[in-house]
Amino acid sequence: MTKSKRSKDFPLILKAQKNPRYFSALYEKYFKEIFLFILKKTSDESLTGELTSNVFLKAILNLSKYQDRGFPFSSWLYRIASNEINKHYRDNKKVQEVAIQEKDAITFLAEIDSNDNSSDITKLMDCLSDLREDQSNIIELRYFDKMSFNEIGKVLGITGNNAKIKLYRAVDRLKQIFHNQR
């Protein structure tokens, strides 16, 4: 890989791969960001603390396997965090609930050509749960977490353009589900 394609954290990662005590710099840099990402998905501070600890434990234990492909180190951490969240909900047989503010739901309803009445908001939530997990995740990242396509790409480990295509397909599928339930 050429030097220009390396992430800006590459020197820190290299040091931490050689000596785990240098991982603390990466931990300090990304802890709050990952904690807030998980908190938004769980709405439970205690659980968030536990899951965040698991993310960083897995990161340090697997750091030797990490390969810099030009994406920010945070994208790897976001993937670990997403996996930990999904694993928690699967293991506990719970459904992950997404906290959506009404103004965000109204904005999204306009995207799928709907009125913004309360019955449509309820219907939207039902339809989101009918999507595949990867489809609802990408919609959530874009419309409710307000991430750019490049940020979504970093979280998912794909390009920004690929994130845009996946989002378009997910929204199209949601429109189909939404309009078929009328």
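Modeller: Happy to! The protein has 9 helices and 0 strands, where helices (H or I, at least four residues) and strands (E, at least two) are DSSP runs numbered from the N terminus. Please keep in mind that this is a predicted model: local features need pLDDT of at least 70, side-chain atom pairs count only at pLDDT 80 or more, and totals for chains, interfaces and linings use all residues. Residues are numbered from 1 along each chain as its sequence is written, and side-chain values use heavy atoms, with hydrogens and water left out.

Of the 182 residues in the protein, 41% are buried; buried means under 20% relative accessible area, exposed over 50%, and partly exposed in between, with a 1.4 Å probe and protein chains only. In soluble globular proteins, nonpolar side chains tend to be buried together. A nonpolar core here is a set of buried Ala, Val, Leu, Ile, Met, Phe, Trp, Tyr and Cys residues joined through side-chain atoms within 4.5 Å. The largest one holds 44 residues, and I34, F73, L77 and I139 touch the most other members. At least two residues of this core come from each of helix 1 (10–18), helix 2, helix 3, helix 4 (73–91), helix 6 (118–130), helix 7 (133–144), helix 8 (149–156) and helix 9 (160–180). Helix 4 gives the most, with 8 residues.

Now zoom in on I34. Leaving aside neighbours within four places in sequence, I34 is in contact (heavy atoms within 4.5 Å) with T52, V55, F56, L77, Y78 and A81. Across the protein, 63% of the contacts with a separation of 6 or more are between residues 24 or more positions apart.

F56 leads us to the aromatic rings. The structure holds 10 aromatic pairs; rings of Phe, Tyr and Trp (its six-membered ring) pair if their centres lie within 6.5 Å, and planes under 30 degrees apart count as stacked, over 60 as edge-to-face and the rest as tilted. F23 and F56 are edge-to-face, because their ring centres are 6.4 Å apart and their planes are at 65°. This pair links distant parts of the chain, with F23 in helix 2 and F56 in helix 3, 33 residues apart. F23 is buried, at 5% relative accessible area, and F56 is buried too, at 4%. Together with Y27, F31 and F35, F23 and F56 form one aromatic cluster.

Helix 2 also contains L26, which is buried with a relative accessible area of 0%. Apart from neighbours within four places in sequence, L26 is in contact with D9, L12, I13, A16 and F73.

S43 counts as exposed because its relative accessibility is 59%. S43 has a positive phi of about 55°, although it is not a glycine.
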